[in-house]
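Please look at the sequence and the structure shown here before reading on.

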Amino acid sequence: MKDVCLDVEGKRLIDRVSLTLFPETISLFMGPSGAGKSLLLRLLHGLLSPSRGSITWAGRVLDDRMRKRQAMVFQNPVMLNRSVLANLTFVLRLVDNNHPHVAMELLERVALRQHARQPAMELSGGERQRLAIAKALAVQPEVLFLDEAMSHLDPPSVTLIEELILQQQRQGIKVIMVSHDLGQIQRLADEIFFVHQGQLVEHAVAQTFFANPQSFPAQLFLQSQSWSKTFYQE
Amino acid sequence: MTDLSDVFFLAISLVLSGNNDLLEIVALSLRVSLTAVGCAVLVGMPLGAAVGLGRFPGKNIIVLFFNAMMGIPPVVVGLFVYMMVSKSGPLGWLDILYTPTAMITAQFILITPIIASLTRQVIEDLHQHHAQQFRSLCVPRHVAILELLREGRTSLLTTAMAGLGRAMAEVGAVIIVGGNINHLTRVMTTAIALETSKGDLALALALGIVLLAMSLIINSAVMGLRNRAPSVIGTVS
């Protein structure tokens, strides 16, 4: 991503962001609400086009062929009004991999095998998100985007999804995610991109970032997060 | 009061006895309205879907036109079709004036905008809901359209039934282009108007009862479908 800007209705939402992502790591965008993290994910995945600047993957401009090797899990998963299995086979058909055992294996991985015939609309929030992860994995992506995919989920679902993410990363899949959960960020992230008011203000290895944040917005953000964590614990 | 109750019981007995005239009128009504709805669905739904999914200059004007046409008075449609298919009209050579075909044409013109407009709304809402996911998955456009139509099947069926309800209840257009000819173009609504003016309230009331029953069945079916399926856009947790 080089010198990327995104303007919407005359307002600059992303301001001259340049960054380089490396394979087989978990890159995490963090920052306050409205900073532009999700927009950056959408720009990287090609769901939005930059107003200025360029985005390339391995030196090539992102096209449909390349995007087919990527998958994105959204904060609010969108389901088709049919069974869990049918939702998954819809994606498998798109990637010409619609074998019954593949669908059932994927459902097994996200602990939804027993819900295969159930209408997807009847799933709980956590189960829906697990189905969304299964759909993303069905694409066999090289790059997996997760946009606050674990917000408001129950702890068992979070643990399961985190384990799946780590598995993907171990298999060589690039994971790019947005999260607000400091504990989760520390558990998963290899590197942090800190975004503030549409600008990338800091990029560091996760451990370094948490030990010694360099930018003032990042310091303030981490302080406020740890303060609120202490407050709620007390 | 005695007269009215006599009329009511006579009407009920006509309905229950399966009076031939009554059955003929009901059958023609169904044939005309169902054919008109079928044609309107074939034209209106793809048209509505195309407008709902398309981004092109003048889209708002088309949407406005569809919406305006939803409220067009049936007599105006009847007059328009009459002028088109009368002997001196541009389509006079078709020789369909005072035939069920002319009535189907009028009803088709009347309900196609309703079906197109409601379909556009359904598809547009669904598309807005699924657009990012479909784009992320690189779903081909034709697959996206088919999936959206499948997703909106309950709402689209409701749309078709709304069209059928409008067609069945319509009188102004079919009386102009059909002429209310006995055994040829007499449908329930035109027969009710005629029999009432002649003072044959029993047959008029019998037809009214059948029409009301049909309207109730259609509306019950619509309500049942709506209750059975979740709302089009209420699918996000």
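## A helix and its surroundings

Against which helices do the buried residues of α3(A) pack? They pack against α4 (100–109) and α5 (125–138) of chain A, together with α5 and α6 of chain B. Helices here are DSSP runs of H or I with at least four residues, numbered from the N terminus, and buried means under 20% relative accessible area with a 1.4 Å probe, counting protein chains only.

Eight of the 11 residues of helix α3 (residues 84–94) of chain A are buried, so this helix is largely enclosed by the rest of the structure. The buried residues of α3(A) include Val84(A), Leu85(A), Asn87(A) and Phe90(A), and Leu88(A), Thr89(A), Val91(A) and Leu92(A) are also buried. After α3(A) comes Asp96(A), whose phi is positive, near 55°.

## How the model is described

This is a predicted model, in which local features need pLDDT of at least 70 and side-chain atom pairs count only at pLDDT 80 or more, while totals for chains, interfaces and linings use all residues. Residues are numbered from 1 along each chain as its sequence is written, chains are lettered from A and ligands numbered from 1 in the order in which they are written, and side-chain values use heavy atoms, with hydrogens and water left out.

## Where chain B meets chain A

In the model, 20 residues of chain B are in contact (heavy atoms within 4.5 Å) with 25 residues of chain A. Between them the two chains bury about 2100 Å², of which 54% is on carbon and sulfur atoms; buried area is the accessible area (1.4 Å probe) that two parts lose on being put together, summed over both.

Two salt bridges are counted between chain B and chain A, a salt bridge being a side-chain nitrogen of Lys or Arg within 4 Å of a carboxyl oxygen of Asp or Glu. Arg82(A) forms a salt bridge with Glu147(B), where the closest N and O atoms are 2.8 Å apart. On the side of chain B that touches chain A, α5 (100–136) and α6 (141–151) of chain B each supply at least two residues, and α5(B) gives the most, with seven residues.

## Confidence in the prediction

The pLDDT, which is the predictor's confidence in each residue from 0 to 100, averages 89 over chain B, where 95% of the residues score at least 70. Over residues 231–237 of chain B, however, the pLDDT is below 50. For the complex, the predictor gives an ipTM of 0.88 and a pTM of 0.77.

Note on methods:
Buried means under 20% relative accessible area, exposed over 50%, partly exposed in between (1.4 Å probe, protein chains only).
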